Amino acid sequence: MRQYPRHVIERYVNETLRPFWNNLGDTGMENLPYDPEKLVKRHGGSVVICTPDAWNSEWGSGYIKVLPDGGFEIGVPHTTGENRDRFTIAHELGHLYLHLNFTDREKWNKRVESAKKENGKILPDSFMTRAGQGYNEYEANDFAAALLMPANEFREVVQDRSAGQMGIHAVATKFGVSAEAVMTRGRFLGIFPWS
């Protein structure tokens, strides 16, 4: 069962994280596509492009790890492209906020203390991957979609597309995501049909 319904995630991103984008001067149609790595850095995290020898295929297309110094690391494989990485970074931020309790200082500090005790080893309560399925993965995908393709901006861009000015791939390029991500976002917003 989902811990966070889609509309709650949407509201959280708009009310809590949108101000961070505003402070970074990174909102509005003229600043698309948004760069989630700025948000990572703003919150003391880092993004690592992993080399083949450092990557574990069981991690899917990304991971997030709580670090002993109180920060966090998001990893992506070297084999994926910029758009895929952008969505994966936003997805891992979803895990950070929704599932790793980053905004609950007491719970976050417990995760950090656990990481310190284990000297940075991978622990089940402080390491999440973008592999498999399940409610946490769906929620993190919803988070990434809301962060990278805000509903209002998305509707505006798609209306331009409907007027014949943009195809799906152009919409995807505008937001810096895949065409599949655009179609999924449009379906959940009720813009595109499911069939």
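A: In this predicted model, helix α3 passes helix α5 in a right-handed crossing. Two packed helices are described by the angle between their axes and the distance between the axes. For α3 and α5 (residues 135-148), the axes come within 7 Å and cross at roughly 115 degrees. On the α3 side, the residues that meet α5 include Arg86, Phe87, Ala90, Leu93, Tyr97 and Leu98. Their counterparts in α5 include Asn136, Glu139, Ala140, Phe143, Ala144 and Leu147. Taken over both helices, the residues of this contact divide into eleven nonpolar, six polar and three charged.

Glu92 counts as buried because its relative accessible area is 0%, under the limit of 20%. Beyond residues up to four places away in sequence, Glu92 touches Gly62, Tyr63, Ile64, Ile74, Met128, Thr129 and Arg130.

The loop between α3 and α4 contains Asn101. Most residues other than glycine have a negative phi. Asn101, although not a glycine, has a positive phi of about 60 degrees. With a relative accessible area of 18%, Asn101 is also buried, since the limit for that class is 20%.

Within α4, the buried residues are Trp108, Arg111, Val112 and Ala115. These residues lie on the same side of α4, because they cover an arc of only 100 degrees around the axis. An α-helix has 3.6 residues a turn, so residues three or four places apart point the same way. The face of α4 turned away from the buried side carries the exposed residues Glu106, Lys110 and Lys117. What covers the buried residues of α4 includes α3, together with the strands β2 (63-66) and β3 (72-77).

In α8 (179-188), the buried residues are Ala179, Ala181, Val182, Arg185 and Gly186. Seen down the axis of α8, these fall within an arc of 160 degrees, so they line one face of the helix. After α8 comes Gly190, with a positive phi near 80 degrees. The segment after α8 also holds Phe192, which counts as buried at 10% relative accessibility. The C-alpha atoms of Phe192 and Val158 are separated by 9.8 Å, and the two residues are 34 residues apart along the chain.

The wider setting of these parts is as follows. The chain has eight helices and four strands, which run α-α-β-β-β-α-α-β-α-α-α-α from the N terminus on. Of the 195 residues in the chain, 47% are buried. Among contacts between residues at least 6 apart in sequence, 67% join residues at least 24 apart.

Technical notes:
Residues are numbered from 1 along each chain as its sequence is written. This is a predicted model: local features need pLDDT of at least 70, side-chain atom pairs count only at pLDDT 80 or more; totals for chains, interfaces and linings use all residues. Side-chain values use heavy atoms; hydrogens and water are left out. Buried means under 20% relative accessible area, exposed over 50%, partly exposed in between (1.4 Å probe, protein chains only). Contact means heavy atoms within 4.5 Å. Axes are lines fitted to C-alpha atoms, for helices over the stretch in contact, and angles run from 0 to 180 degrees between N-to-C directions. Helices (H or I, at least four residues) and strands (E, at least two) are DSSP runs, numbered from the N terminus. A crossing is left-handed if the near helix is turned anticlockwise from the far one by less than a right angle, and right-handed if clockwise. Ala, Val, Leu, Ile, Met, Phe, Trp, Tyr, Cys and Pro count as nonpolar, Asp, Glu, Lys and Arg as charged, and the others, Gly among them, as polar. The arc is that of the directions from the helix axis to the C-beta atoms.
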